[in-house]
Amino acid sequence: MSLYRAELRRLVLRRLTRWATVLGLAVLATVAIGVFLSNQKIDDAARAKAEVAAEEHWQQQVRQTEEFRAECEQAAARGDQSDRFPPDCSQISPPPRDVYSPDQFLSSTFDFRASFGGTLIAVAAILALVGFVVGSSFVGAEWNTGGMMTMLLWRPKRVTVLLTKLAALLTGLLALAVTTTMLWFGSFWLIATTRGTTEGMTAGAWQSFALTGLRGVTLALVAAVLGFGLASLGRHTAMALGGAVGVMVVGQFGLGVLLSLTGAKFVEAWLLPTYVQAWMQKEVVLRDWQTCRVNPFGQCDPETLTLTWQHTSGLLAAGLVLILGGACWAMRRRDIS
Amino acid sequence: MTAVLEIEGLQKSYRSRRRGTRNALDGFDMRVEAGQVHGFLGPNGSGKTTTLRTLLGLIRPDDGRMRLLGHEVPADLSAVAGQVGAIVESPQFFPHFTARETLSLLATAGEVRSTRIDEVLELVGLRDRSRERVKTYSLGMKQRLAVASALLKEPRLLILDEPANGLDPGGIREMRALMRNLSETGTTVLLSSHILAEVQLICDSVTIISLGRRVAFGPVEKVLAAHSAGTVRVRLETVADLPEASEALTRAGFRVTREPDHLLLSGVEEAAMVTRLLAGQGLYVSELVWIDGDLESVFLDLTATAPAPGQSRQVDQSAKPAAVGQRSTGGWGA
C-alpha cells in the first residue's frame, strides 16, 4: 500500500502528467467553447425570421425563373437556337415552395440528443492519447533515469513493483477520465440548454450516452496500459511512442495501401481506427463497393460486414494480454542494468 | 566474527552471437564481516558492479550462493532489502524533482519515518539545498543525494559503488568520516572504489577481483604484507642497460615494471638473486632497495594493470586469476 501511495504521488508530481492533463483539458475546453459560440438558441422570433427569409428566397427564385422563361420565349420568337435556353421554354418552371425550408435559414443549434454522442468520441480520443503518453512516460522515464533500479533496491519484487506502478497510473487516469467525462456531460448539457435543445432525452438516451462515456473511459485506460506495457518492454518511453507511430504510419497506412492494391474485400476491417470507431459507436457497417463496379447499371447493393464493440473488446483484450503479459515476463526474466 | 555478506562460486556469463560468451563472474567468492568497512577493488570490467547488482537482485546469477545478513539471496531478498542501503554506479534521479521529494517518495515506498529525511539531508550536507531541483545539482551533490537515499533505511549493510565520484576534497573527507562513524555504530560498509589511497586509509579489509575471480582478500595489512613483500627498486650504472636488464629479469620469472630510470621487481625472495643474475649478464647494479608496498601497487601487481610505456592496455587485459588466485575450497567465501 505504501508503494502504491508513493507511486500515485510520483505520478501527480511528474511534469509530463501535469502538462499532458492541462493540454488535453485545454483542447476539450476549446472544443466546448467553439460549440457554444457556433450555436444559437432557436426561439419563436428566430423561427419567424427564418420563415420570412425562406419566403423571400423562394419569391426571388420565382421572379428570376419568370424572367428567364420570358427571355427564352423571346429568343424562340427571334428564332435564336443557341444552347443558352432549352428547346421548350415551358420546361422552365419555378422551384416548389417546400424546397426553401425555414430550417435552412435558422442558425446552427445544438441538439443534445442528436449531437452529444459524437462529441464523446473526441473526449475518448483525447483521454486515450493522454493515457498513452503519460502511461508510457511514467514507466519509460523510470527505466531511463534509473528510478526503476532504485525502487527495486527498496522493494525487490519486480512484478509487484511494475503492477503497483500500473495500478497507480490507472487510478490517476480513471480519476481524470471520470471527472473529465462528467464535466463534458455537464458542459454540453449547459450548451444545449443555452444554445440548443435538450428535447427527447429519454432514459434510454441517457443510458446510451452513459455507456458510450464508459466505453470512452475504458478506451483511455486500455491505451494507458498499452503505452505502459510497450515502454516497459523497451525500457524507454520512445519504444511506446515509436511503436505507436510505427503501427499507425507503417502498419496501418502501408497495410491499407497494400490491401487496396490487391483488391481485398473490406480493407477497413484490417485497420485499427475502424475498431476504435466500432467500440465507440457500438458498431460499424463496412460495405464492399467493388460489387457495384461489377454491375454499374444495376442497383448498388454492396456486400456488408458489421463490426461491433464486442469484436473490438476481443482485440483490446488480446492486445492487453500480449503486451502487459510480455512486459511482466520481461520484468521477471531480464537483468536490470 | 559474523559475516553479513557471503558469496561463494558466483558465476555470470553474457552470451552474444557476435562476441561469444564472456564470463563476467567466474566463480567469485567474497566475505564481509559485520561492523567493518570493506573495500571492493578491481579494474574496469572486472566484475565489481556485476557482483553488486547480482547481490541486490538486479542480475540473475548463473550459479553460486549468496547470503546477505544471514538470508539466502535472491530468494529471500525481500526480507533483508529494508536493512541494506545501496548505491550502484552513477546516481540517477528524476531531474525535475527536488532532493526532498526524491527522498520523500522513497521513504513513503519503504515505510520509513518522515523525520529520517531531515536527518539524512543533514548528514550528507544537503539540508539547505534540499528544495532545489536535482537537475541543478552538481555531480558531487547528486552523489551526496544518492548516499542520503541509501542511508534513509538506517541500513545494517551499506553498499557504496564509487561514492567519492565527483566529490570535492572536503566532500571526500566528509564521506570518509561518515563511513567511519557508520562503522563505529555497527553499520557494515562495503565500499567499491578506484581511489586506492582512500580505501587503504579507511577500510579494515579488502577483496580484489580480476576477470570475475577473487585474487586477494583479507585485512588490508595482511593483503599488503602478503603481496607487497619482495618488491625492490633496482637502478643500474647506466640507464641504457634497463631494457636488457628488464628482459633478463622477466625471463628469470620476476614481475618487472619499467620506470624511466629504474625497474620495480616483485616476487623477489633474495636481493642477491637479482644482483647475481644481472652481474652474470654484465649489468651492474648501482642501487637495490626493498620498498614498502601500498594498496595501489599491490592492486596493479595483482591485476597486472600497471601501465607499460608505449602500450595501451585494453579493458579486459588483467591478470589471469588462476595464477595468483586463492580459490576457496569450502565454506562461505572463506
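**Notebook: a look at chain A**

I started with contacts: in chain A, 78% of those with a separation of 6 or more join residues 24 or more positions apart. I'm keeping in mind that this is a predicted model.

Next I looked up the secondary structure. Chain A has 11 helices along with four strands.

Then I checked the overall dimensions. I found a radius of gyration of 29 Å for chain A, while a compact globule of 337 residues would come out near 20 Å. I also boxed the C-alpha atoms along the principal axes, and they fill roughly 100 × 55 × 35 Å.

How much of chain A is buried? I got 41% of its 337 residues.

On to charges. Chain A carries 29 positive and 24 negative ones, and I found their mean positions 26 Å apart.

Last, I zoomed in on one residue, A:D288. I located A:D288 in strand 3, which covers residues 283-288. Which side chain of opposite charge is nearest to A:D288? I found A:K265, 4.7 Å away. A salt bridge needs a side-chain nitrogen within 4 Å of a carboxyl oxygen, and A:D288 has no salt bridge, even though A:D288 is buried.

I finished with the neighbours of A:D288. Leaving out residues up to four places away in sequence, I listed A:K265, A:F266, A:P302 and A:E303 as the ones A:D288 touches.

Terms used:
Residues numbered from 1 in each chain as written. Chains lettered and ligands numbered in written order. Predicted model: local features only at pLDDT ≥ 70, side-chain atom pairs only at ≥ 80, totals over all residues. Heavy atoms only, no water. Helix = DSSP H or I, 4+ residues; strand = E, 2+ residues; numbered from the N terminus. Rg over C-alpha atoms; globule rule 2.2 N^0.38 Å. Buried < 20%, exposed > 50% of the residue type's maximum accessible area, 1.4 Å probe, protein only. Contact = heavy atoms within 4.5 Å. Lys, Arg positive; Asp, Glu negative; His and termini not counted. Charge placed at Lys NZ, Arg CZ, Asp CG, Glu CD.
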